[in-house]
Amino acid sequence: MSGTMPETQAPWPGRDGLRITGVRAVVTAPEGVPLVVVRVDTSEPGLYGIGCATFTQRFMAVAVTVDEHVGPMLIGRHPADIEDITRMVHFSSYWRNGPVLNNALSGIDQALWDIAGKRAGMPVYELLGGRVRAAADTYLHAGGATAEETIETAREILALGYRHVRLQVGAPGLGHYGAPGSAGGYPGQPYPDGWDVQRYLRDTPALFERARSELGEEPGLMHDVHSRLSPKQAVALARRLEPYRLFFLEDPIAPEFYDRLPEVREAAPMPIAAGEQLGSVADAARLVREGGVDLLRLHVSAVGGLTPARKLVALCELSGVGTAWHSPADVSPVGAAANVALDVTTPAFQIQEGHVYGDAVHEVFPGTLQPRDGYLYPNDAPGWGIELDEALAVRYPPETHLHERWAVRVRRPDGGLEAP
């Protein structure tokens, strides 16, 4: 981080001598997925906080934003002024929002909450008002090249104590989102590794018919369309899936068409979950207010962190909308802990996406949450209860263009580019 900006001091006297002395981004990839974490240091020896800023596809842009643009604004500020600091960062670039700025903001915001918890000697969830439940019910992903592989993986997940599972099945060639492909492609077509929407609309109901037959009536089953259908196609798929009682259908249409999401939701016989690609808290609020979702599903760092997310939680509570935060491998353990702090402190919570981090992640991030019998429990240590071993983190350097190498190959059988 270069330079300081003392003119950003708050226009009121500090309560004590505590000040922010340093802000920096740390990028590491212990599982191969680039994770961005922001560390905020203070003038009190040993008192620092960490926050999730993971926009894995553009991690360098977030790190530079933190180190060169946003971080210098915080030097000399009191770390308790979270609301004022986050508003300052939000307004500072003139053009607001977007996943780069919001992830930088989130890393700072969550780090300040971590500091607040450590100063109070309390976990963050207690600062939010305390628990309304012991833990967050969690689901994992089951995906395979064939329905047989998907259902077998789902059976293994359920045997571990989970009560919910997301099902995705692949297709010839490249496969589908969340599931690998199989050999052979689409014979006789110009682009044999493509995304064939008609095949998808046939295969997905067949997968769930078989899943209900083999897994029984008890498990909660989900499916992620990943924004690839038109509104009419989304309604057709939802109606074909009605007999299988999905817990939710996720992201049926692209964010560009969210003005049509209320009509999809009205016609769909199961709950609709959406929002993970949003990069604006105002857009997320519109989804709730205008009747587009049954479950608000955000990448919390992409809307700016815990501070804006808890305001959206209050809106969900008042609107009868549930929460189901985005939290696969490209959310850092700190971000996962922030999700769970929100989950256990609101009656709006419905379900939490989970990821079982490997040993390397637990070594880099001591205190990483680990599911128990399908639940995620918050740490009771002050702050997030998670540390960052920077000496180990540097042993796992990130690699660029991992997502792009896959995304540029997602094409229709005729060769036309499709949304990843």
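**Strands, helices and pairs**

A: Start with strand β2 (residues 35–42), which pairs with β3 in the antiparallel sense over five bridges. Strands pair here if DSSP finds at least two bridges between them. Helices (H or I, at least four residues) and strands (E, at least two) are DSSP runs, numbered from the N terminus.

Q: Before we go on, what kind of model is this, and how are residues numbered?
A: It is a predicted model: local features need pLDDT of at least 70, side-chain atom pairs count only at pLDDT 80 or more, and totals for chains, interfaces and linings use all residues. Residues are numbered from 1 along each chain as its sequence is written, and side-chain values use heavy atoms, leaving out hydrogens and water.

Q: Back to β2 and β3. What stands opposite Val 40?
A: Gly 49 in β3.

Q: In what order do the strands of the open sheet come?
A: The order is β1-β2-β3, three strands with antiparallel pairing. The edge strands, β1 (20–28) and β3 (48–52), each pair on one side only. On average, neighbouring strands are turned by 20° against each other, direction ignored.

Q: Which helix packs on that sheet?
A: Helix α3 (residues 99–120), touching β1, β2 and β3. Its direction makes about 140° with that of β3. Axes are lines fitted to C-alpha atoms, for helices over the stretch in contact, and angles run from 0 to 180 degrees between N-to-C directions.

Q: New topic. How many disulfides are there?
A: The count comes to zero. A disulfide needs a pair of cysteine sulfur atoms within 2.5 Å. For Cys 52, the nearest cysteine sulfur is that of Cys 316, 20 Å away.

Q: Is Cys 52 buried or exposed?
A: Buried, at a relative accessible area of 2%. Buried means under 20% relative accessible area, exposed over 50%, and partly exposed in between (1.4 Å probe, protein chains only). Cys 316 also counts as buried, at 1%.

Q: Now salt bridges. How many?
A: The count is 27. The rule asks for a side-chain nitrogen of Lys or Arg within 4 Å of a carboxyl oxygen of Asp or Glu.

Q: What does Glu 83 pair with?
A: Lys 311, with the closest N and O atoms 2.7 Å apart. This pair links distant parts of the chain: Glu 83 is in helix α2 (residues 82–92), Lys 311 is in helix α10 (residues 306–319), and they are 228 residues apart. Glu 83 is partly exposed at 37%, and Lys 311 is partly exposed at 44%.

Q: And where do Arg 155 and Glu 152 lie?
A: Both lie in helix α5 (residues 147–159), three residues apart, about one turn of the helix.

Q: What about Glu 399?
A: Glu 399 forms a salt bridge with Arg 405, the closest N and O atoms being 2.8 Å apart. Elsewhere, salt bridges that share partners join Glu 148, Glu 152, Arg 155, Arg 210 and Glu 214 into one network.

Q: Last one. Where does Thr 204 lie, and what is it in contact with?
A: Thr 204 lies in helix α6 (residues 197–215). Thr 204 is buried, at 2% relative accessibility. Leaving aside neighbours within four places in sequence, Thr 204 is in contact (heavy atoms within 4.5 Å) with His 223, Leu 237 and Leu 241.
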